[in-house]
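This briefing concerns a single protein model. Please examine the sequence and the coordinates before turning to the notes.

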Amino acid sequence: MARCLHIFDSGFQCISETMEPTDLCEAHQKVVAFQPDRLEDSIWRKAFLRFIALLLLLIFLIPLFYTLRDLYLGPPVKAQEVW
Ligand SMILES: [Zn+2]
């Protein structure tokens with residue numbers, strides 16, 4: 001087991017061993033009480049943020065797609081003008 005990561009004000013590290021799920025000992029870990037409501041809330045927020053991220057990605061990708069299509073798939077603009 002690893003040592004607790006808590007540093008005292010004196011500068012010394014805590015000598016207790018860590019609890020399994022955290023890097024802190026029993027005395028120094030700040031356990032946040034499990035709240036199902038908050039968990040569900042964060043899931044919805046995560047989904048919402050992912051949706052926004054996807055939307056932004058699409059907004060930036062659409063012009064890029066058209067630019068690339070015009071550059072490589074369309075007939076050359078200069079040649080078209082000459083003919
Ligand atoms: Zn500790």
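The model is predicted. Its secondary structure consists of two helices and zero strands. Of the 83 residues in the protein, 1% are buried.

**Overall make-up**
- Among contacts with a separation of 6 or more, 3% join residues 24 or more positions apart.
- The helix α1 covers residues 36-72.

**Glu20**
- Glu20 lies in the segment before α1.
- Glu20 is exposed because it has 5 C-beta neighbours inside 10 Å, and a residue counts as exposed at 12 or fewer.
- The C-alpha atoms of Glu20 and Ala2 are 9.4 Å apart in space, while the two residues are 18 apart in sequence.

**Glu26**
- Glu26 is likewise placed in the segment before α1.
- With 12 other C-beta atoms within 10 Å, Glu26 is exposed, since the class extends to 12 or fewer such atoms.
- A distance of 8.8 Å separates the C-alpha atoms of Glu26 and Cys4, which are 22 residues apart along the chain.

Notes
Residues are numbered from 1 along each chain as its sequence is written. This is a predicted model: local features need pLDDT of at least 70, side-chain atom pairs count only at pLDDT 80 or more; totals for chains, interfaces and linings use all residues. Helices (H or I, at least four residues) and strands (E, at least two) are DSSP runs, numbered from the N terminus. A residue is buried if 20 or more other C-beta atoms lie within 10 Å of its own, exposed if 12 or fewer, and partly exposed in between; C-beta atoms are placed from the backbone. Two residues are in contact if their C-beta atoms, placed from the backbone, lie within 7 Å.
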